[in-house]
Amino acid sequence: MESIRSLVAEKPVVIFSKSSCCMSHSIQTLISGYGANMTVYELDQLSNGQEVEKALVQMGCKPSVPAVFIGEQLIGGANQVMTTHVKNQLASLLRRAGAIWV
């Protein structure tokens, strides 16, 4: 979990993904549609990707990807992010984290 904390530290939006995951791609597209400054870590391309994935599962991410952190806080996976978006709360989270300016 310490590795997760260091990867999300001081970044407005971090998405843990796998390059072959269509839901991860959809969430990235949604968040980038807001013009958000985000960092994406593709677990299947990281040397310690399996360790990071295990830590995400321990944090409650099931499935492990996509896992979205906004303002260093775990928002959750695709369902949680979409729910936040539908409730018109995603933009304010992104603004508070400094990921978007408007």
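This is a predicted model: local features need pLDDT of at least 70, side-chain atom pairs count only at pLDDT 80 or more; totals for chains, interfaces and linings use all residues.

Colleague: What is the strand order in the open sheet?

Modeller: The order is β2-β1-β3-β4, with mixed pairing. Strands are DSSP E runs of at least two residues, helices H or I runs of at least four, numbered from the N terminus; two strands pair if DSSP finds at least two bridges between them.

Colleague: Which strands stand at the edges?

Modeller: β2 (39–42) and β4 (73–76); each has a single partner strand, so one side of each is left without a neighbour in the sheet.

Colleague: And β1, is it parallel or antiparallel to β2?

Modeller: Parallel, with four bridges, and Val14 stands opposite Thr39 in β2. Four bridges also join β1 to β3, but those two run antiparallel.

Colleague: How many residues of β1 are buried?

Modeller: Five of the five, so β1 is largely enclosed by the rest of the structure. Buried means under 20% relative accessible area, exposed over 50%, partly exposed in between (1.4 Å probe, protein chains only). Val13, Ile15 and Ser17 point one way, Val14 and Phe16 the other.

Colleague: Switching to β3, how many bridges join it to β4?

Modeller: Three, and the two strands run antiparallel. Phe69 has Leu74 in β4 as its bridge partner.

Conventions. Residues are numbered from 1 along each chain as its sequence is written. Side-chain values use heavy atoms; hydrogens and water are left out.
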